[in-house]
Amino acid sequence: MKEELVEIIKMYATKPHGELKKYLLSKSKNVLSEALVNLITMYINDRNSSTLREFITVTIAGYEHTESKIGYNGYKRSVYGRPLMCEAKPQNIRSEGRRKLNGGGNFTDYTHARFERDLKENLNILVSGFVDGRLIYILEFPFKCDSFASKLKRQLNKRFPKGDISGQFLRSARFDYRDYISCEGLKIVYCLPRSELEKHKNHIVRGLYEFLIKNAKDT
């Protein structure tokens, strides 16, 4: 973290905001610009918080982001009057690491009851991939997609073969691109141009990369 950003954060936490405002006004545009970029870079790559990546995914897909930790991540008005809900599953990897984007995600502390609620809500799933905080793609598909819903249901049935048990959860119901890539309602909301996408070939699992590069635009 750059020294200037450290000072700004310390002042925000320990001084009246009026004093911080005066301090910021005394700094040049270049200094403030560098501090802002530094802050965003840290935030978007934070392994312990996906809030900013979630916000980017939801808003680019045309939904209003909801900050509540309970419920879904976003909504938008539908032609039927009832809000259309979405759940965002962003992935971020570091270019120097060995992990690759696989179009996957997970549902934490999952139950049969939550699954049925999600199925009834008919929400959309937004899956996004980032490399070092750079957005690579956003894919959207309906939760009710048979192959996707079946993958979650199998994991729940294995954990709770006789139904939910009070106070117990499936800690992580996982999925990846193979569980929805053939879904009829699958949409590419965002994807890097083909020339940029090719630079990230080694950061994306082969099957997903082949799907993206086939559908990517030249510019």
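Buried means under 20% relative accessible area, exposed means over 50%, and partly exposed lies in between, with a 1.4 Å probe and protein chains only. By that rule, Phe141 is buried, with a relative accessible area of 1%.

The model is predicted: local features need pLDDT of at least 70, side-chain atom pairs count only at pLDDT 80 or more, and totals for chains, interfaces and linings use all residues. Residues are numbered from 1 along each chain as its sequence is written, and side-chain values use heavy atoms, with hydrogens and water left out.

## The chain as a whole

The chain has 219 residues, and 40% of them count as buried. Its C-alpha trace spans about 60 × 45 × 40 Å along the principal axes. The secondary structure comes to eight helices and eight strands. These are DSSP runs numbered from the N terminus: helices are H or I with at least four residues, strands are E with at least two. Contact means heavy atoms within 4.5 Å. Among contacts between residues at least 6 apart in sequence, 60% join residues at least 24 apart.

## The cores

A nonpolar core is a set of buried Ala, Val, Leu, Ile, Met, Phe, Trp, Tyr and Cys residues joined through side-chain atoms within 4.5 Å. The largest one here has 38 residues. Phe107, Tyr110, Phe143, Phe148, Tyr180 and Leu197 have the most contacts inside it. At least two residues each come from β3 (84–93), β4 (105–110), β5 (124–131), β6 (134–142), α6 (146–159), β7 (170–175) and α8 (206–215). The largest share, five residues, is supplied by α8. A second, separate core has six residues, including Val58, Ala61, Ala88 and Leu126.

Leaving aside neighbours within four places in sequence, Phe143 is in contact with residues including Phe107, Tyr110, Phe115, Leu123, Ile125, Phe148 and Leu152.

## Aromatic rings

A pair of aromatic rings is described by the distance of the centres and the angle of the planes. Rings of Phe, Tyr and Trp (its six-membered ring) pair if their centres lie within 6.5 Å; planes under 30 degrees apart count as stacked, over 60 as edge-to-face and the rest as tilted. The count comes to ten aromatic pairs. One of them, Phe141 with Tyr180, is stacked, at 4.2 Å centre to centre and 10 degrees between the planes. This pair links distant parts of the chain. Phe141 sits in strand β6, Tyr180 in the loop between β7 and β8 (187–191), 39 residues apart. Ring pairs also link Phe107, Tyr110, Phe115, Phe141, Phe143, Phe148, Phe175 and Tyr180 into a cluster.

## Helix packing

Helix α1 (residues 3–14) packs against α3 at an angle of about 80 degrees, with the axes 9 Å apart. Axes are lines fitted to C-alpha atoms, for helices over the stretch in contact, and angles run from 0 to 180 degrees between N-to-C directions. Angles under 35 degrees count as roughly parallel, over 145 as roughly antiparallel, 65 to 115 as roughly perpendicular and the rest as oblique. The two helices, α1 and α3, are therefore roughly perpendicular to each other. Glu4, Leu5 and Ile8 of α1 meet Val31, Ala35, Asn38, Leu39 and Met42 of α3.

Helix α4 (residues 51–60) has Leu52, Arg53, Glu54, Thr57 and Val58 buried. Their cover includes α3 (29–44), β1 (64–65), β2 (74–76), β3, β5 and β6. After α4 comes Gly62, with a positive phi near 90 degrees.

| Residue | Relative accessible area | State |
|---|---|---|
| Tyr180 | 0% | buried |
| Leu139 | 0% | buried |
| Glu54 | 14% | buried |
| Leu119 | 31% | partly exposed |

Leu139 lies in strand β6. Beyond four places in sequence, its contacts include Ile125, Val127, Tyr180, Ile188, Leu208 and Phe211. Leu139 and Glu54 are 85 residues apart along the chain, and their C-alpha atoms are separated by 13 Å.

Glu54 belongs to helix α4. Not counting residues up to four places away, Glu54 touches His65, Thr66, Asn73, Ala88 and Pro90.

Leu119 lies in helix α5 (residues 112–121). Leaving aside neighbours within four places in sequence, Leu119 is in contact with Phe143 and Lys144. Leu119 and Glu96 are 23 residues apart in sequence and 38 Å apart in space, C-alpha to C-alpha.
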